Amino acid sequence: MAAVTVPTLELPSGPRIPVLGLGTYPLTDAEAERVVAEALAVGYRLVDTAENYRNEAGVGRGLRASGVERGEVFVTTKFNAKWHGEELVARAFERSAERLGLDYVDLLLVHWPNPAQDRYVSAWRGLIALREQGLVRAIGVSNFKPAHLQRLLDETGVAPDVNQVQLNPLVSRAELRAFDARHGIVTQAWSPIGKGGELLEAPVITEVAGRLGRTPAQVVLRWHVQLGNVAIPKTGDPARLRENLDVFGFELTEADMRAIATLDQGEAAAVDSDAFGH
Ligand SMILES: NC(=O)c1ccc[n+]([C@@H]2O[C@H](COP(=O)([O-])OP(=O)(O)OC[C@H]3O[C@@H](n4cnc5c(N)ncnc54)[C@H](OP(=O)(O)O)[C@@H]3O)[C@@H](O)[C@H]2O)c1
């Protein structure tokens, strides 16, 4: 398979984000270095990491080892609850940038809202300032529910470029996706293939996969692409890196999309970001 060119979506801040990228949790620094370089060689141009994954240094080494130009790669990272504060966010950025060995990141996210701490709005103001300084090209949040997003809108008037949430056919988050879409926010899916678990064995998925001569993971990733999500499947396996990227040469029918939608277990199946966070 030749290197794949991944389609992109334009973010409200201007940069374009590839619709499919590489998740890196729970790769170690050493694993991330290898996998990121391999991923870029086969066509990945979006890499997702976080302070919390403790692999930003490895991701940065992988980016440099790949030989791909910095400007061609979209790098996302995220910061933890202890940095929720307007000035603190600048320090979180500096530390991540230093570990990554980069002077800017493409997208910086509030990793979890941590509403009990009630400081995500000031974290958001810190991100707005970083974007104004040109240190981050786009800004966003992760695990934000509509109520959290509404507070950002009400108190700052600035919508995130991206909301990265747990999303796959078992947890398809229709309301959340609709809220994001109404506000121009791109929805990014974590655990896009359900962590490789029962989802990939669901008869609805394996039936479509068999009929199209594709793998279950490819069917699920294609479902994301057709919904307009950005998906970031993680794998440490070279063959799966290619498999997961090879989803731009086939289409699911509307009937396939409807059949896959029946797998949704509702919002209760998602990790509750009012209760969990770090
Ligand atoms: N914002 C957040 O709070 C948050 C939370 C969780 C995750 N994330 C991000 O989202 C990324 C992806 O989520 P995730 O890692 O939870 O789940 P995922 O990408 O849905 O699934 C990853 C699992 O599926 C396996 N896998 C990968 N490709 C496969 C294939 N083609 N066929 C069968 N199995 C396959 C992987 O194993 P192998 O590695 O052995 O292939 C791994 O165990 C993370 O890496 C991280 O970057 C963000």
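Q: Two strands pair if DSSP finds at least two bridges between them. In this predicted model, how many bridges join β6 to strand β7?
A: Five bridges join β6 to β7 (residues 136–142). The definition asks for at least two, so the strands pair. They run parallel. Within this pair, Leu108 stands opposite Ile139 in β7.

Q: Which helix does the chain pass through as it crosses from β6 to β7?
A: The chain goes through helix α4 (residues 120–132). This β-α-β crossover is right-handed.

Q: What makes strand β5 and β6 a pair?
A: Strand β5 (residues 74–79) and β6 share four bridges. At least two are needed, so they pair. The sense is parallel. Here Lys78 stands opposite Leu109 in β6.

Q: Why is strand β6 called largely enclosed by the rest of the structure?
A: Strand β6 covers residues 105–110. Six of its six residues are buried, so the rest of the structure largely encloses the strand. A residue is buried if 20 or more other C-beta atoms lie within 10 Å of its own.

Q: With which residues is Leu107 in contact, leaving aside its neighbours within four places in sequence?
A: Among them are Phe74, Val136 and Asp161. Contact requires C-beta atoms within 7 Å. Leu107 is also one of the residues that touch the most other members of the largest nonpolar core.

Q: Which residues of helix α5 are buried?
A: In helix α5 (residues 146–156), they are His148, Leu149 and Leu152.

Q: Why do the buried residues of α5 line one face of the helix?
A: Seen down the axis, they fall within an arc of 100°, so they line one face. On the other side, Ala147 and Asp154 are exposed.

Note on methods: Residues numbered from 1 in each chain as written. Predicted model: local features only at pLDDT ≥ 70, side-chain atom pairs only at ≥ 80, totals over all residues. Core = buried A, V, L, I, M, F, W, Y, C linked by C-beta atoms within 7 Å. Buried ≥ 20, exposed ≤ 12 C-beta atoms within 10 Å, placed from the backbone. Contact = placed C-beta atoms within 7 Å. Right-handed = clockwise from strand over helix to strand, strands pointing away. Arc of directions from axis to C-beta.
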